[in-house]
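Hi,

Here is the structure I promised to pass on.

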Amino acid sequence: MAEKRKEPKQLTLGLEEPKAGPPQKATTSSCKVVLKDDTSKAPSIPARRKKPSVTTRSMTVKIPQQNKSEQPAANQLPRTKVRTAEQPNPHLVQTHAIKAKSAQVVRPKVQPPPIGKRRGYQKSKAAMLLVPLLAASLLFCIAMLWWVASNQKKAYEPVMSASIEDRPVIALTIERGMTARSVSLLLEQMGVVKDSQLLLSYFVENNLATVLKTGSYLMHENMSFEAIGTMLTAEPEMVQLTIAPAFTLKSIDAYLVNRLGFEPGVFLQSAHDLAKAYGLSFSEGWLLSGVYSVNIQRAANDLALSMYQAMLDEIKKHLGTPLLERYSIEELLIIASMIQAETQDASQMQGISSVIHNRLENNEPLGIDATTRYELDDWVNPIPTHALDTKTPYNTRRKVGLPPTGICSPSPEAVHAAFNPADTPYFYYLHDRDKQIHFALTYDEHKQNITLYR
């Protein structure tokens with residue numbers, strides 16, 4: 001049986017007005033809350049409950065209102081000061097003691113020493129390695145540039161040899177009827193000797209004045225009197241030399257080595273001296289092929305001079321060509337050497353010359369593989385692909401215009417074709433397996449010829 005519910009205790013909350021005192025701030029109110037329990041009735045001991053029950057309490061809060069019109073008494077205390085953040089709040093239960101703020105210690109500003117001046121300072125590894133790496137990179141770039149420049153020099157000057165000396169050379173001709181005195185004066189004027197009277201005295205004292213030989217000679221400055229006397233008085237022991245068309249300077253030099261037992265490079269030096277003496281831009285291409293009789297004692301110089309003189313005589317025959325208004329003589333000789341390297345058949349030369357001139361006029365690459373073969377000094381094996389793909393002064397597949405020098409010794413027929421090309425519209429040609437030539441106007445026609453004849 002459930003217990004009889006007890007009436008909840010009634011608590012009264014009495015708010016006592018504060019005693020008269022100094023006037024309070026208008027914005028705050030202070031009151032005292034007193035909880036009173038009814039003590040008239042003796043507390044009863046509740047019976048043991050079997051089930052939990054909910055008990056409630058009710059309270060009544062009476063808050064007296066202050067009349068706004070009432071003014072604080074004159075004898076009230078002055079208003080209290082506004083509570084600061086450090087003062088405790090009287091309405092809150094303080095669970096911990098408020099610590100007073102400690103005085104802030106002002107530390108002096110420390111100025112660190114500059115970087116690099118600190119004791120025990122050490123640079124980072126990256127900074128220590130930066131300068132050596134930059135220096136190594138610079139040296140590597142310089143080495144690569146030097147290597148490329150040296151390789152290009154070898155490619156541009158394929159006929160130059162370490163044995164060739166770049167010396168001042170003087171070309172002169174002693175004509176029939178000249179006396180020893182006139183020869184001595186000529187050598188002084190040309191800069192071979194400094195004193196013609198001393199040279200004449202040498203000729204007279206050694207009985208050479210009456211046996212001086214006529215001819216063309218290559219001399220250099222400050223030659224000894226003995227060397228001059230030997231050159232001008234040597235008894236001619238003539239030898240006949242045949243220089244085939246398309247021979248290069250290296251081929252002629254090797255020919256003299258095998259035929260006359262010369263040291264390698266002797267003719268290369270003579271050809272270089274010839275170009276130096278006559279102010280030529282190059283020597284390859286200026287020497288006309290043919291059969292020559294030379295003095296065996298000075299065969300290299302005599303052969304170079306004879307071939308050069310023969311080329312001058314051949315050029316004189318074609319000075320009336322209108323092409324000299326567009327090209328120089330040296331450019332036409334380069335064309336003649338390319339024609340000679342492309343064919344040995346004189347009947348094909350003017351047609352090839354026409355294709356070369358048409359391409360030059362149209363500002364197109366010549367595409368003549370003989371110039372690359374000359375650069376590689378290989379006239380037998382197939383041309384490597386990388387050589388054809390590399391842009392060099394002699395690779396006429398990759399550059400527009402002529403190579404810087406001739407590429408062989410042309411024949412009179414090749415010179416004639418270069419100065420007098422055939423009048424054709426062709427831009428392409430090829431040789432079949434029987435060395436027959438086939439011309440084409442367009443590239444499509446040229447590809448058809450390749451399919452038909454190769």
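This is a predicted model: local features need pLDDT of at least 70, side-chain atom pairs count only at pLDDT 80 or more; totals for chains, interfaces and linings use all residues.

Residues are numbered from 1 along each chain as its sequence is written, and side-chain values use heavy atoms, with hydrogens and water left out.

The protein chain has 13 helices and nine strands; these are DSSP runs numbered from the N terminus, with helices (H or I) of at least four residues and strands (E) of at least two. Of its 454 residues, 34% are buried (under 20% relative accessible area; exposed is over 50% and partly exposed is in between, with a 1.4 Å probe and protein chains only). If you take the contacts (heavy atoms within 4.5 Å) with a separation of 6 or more, 65% are between residues 24 or more positions apart.

Now the rings. The whole structure holds eight aromatic pairs. Rings of Phe, Tyr and Trp (its six-membered ring) pair if their centres lie within 6.5 Å; planes under 30 degrees apart are stacked, over 60 edge-to-face, and the rest tilted.

One of the pairs is Tyr374 with Tyr394, which is tilted, at 5.6 Å centre to centre and 50° between the planes. Tyr374 belongs to helix H10 (residues 369–376), while Tyr394 lies 20 residues away in the loop between helix H11 (385–389) and helix H12 (412–419). Tyr374 counts as buried because its relative accessible area is 5%, and Tyr394 does so because its value is 1%.

Tyr426 and Phe439 make a stacked pair, with 5.3 Å between centres and 15° between planes. Here the loop between H12 and strand S8 (428–431) supplies Tyr426, and strand S9 (residues 437–440) supplies Phe439, 13 residues apart. Both count as partly exposed: Tyr426 has a relative accessible area of 31% and Phe439 one of 26%.

Elsewhere, Tyr202, Phe203 and Phe225 form one aromatic cluster. Also, the charged end of Arg359 sits over the ring of Tyr428, 4.7 Å from the ring centre (the rule: NZ of Lys or CZ of Arg within 6 Å of the centre and within 35 degrees of the ring normal).

Last, back to H12. Its buried residues include Ala414, Val415, Ala417, Ala418 and Phe419. Among the elements covering the buried residues of H12 are helix H7 (299–316), helix H8 (329–342) and helix H9 (346–361).

Cheers
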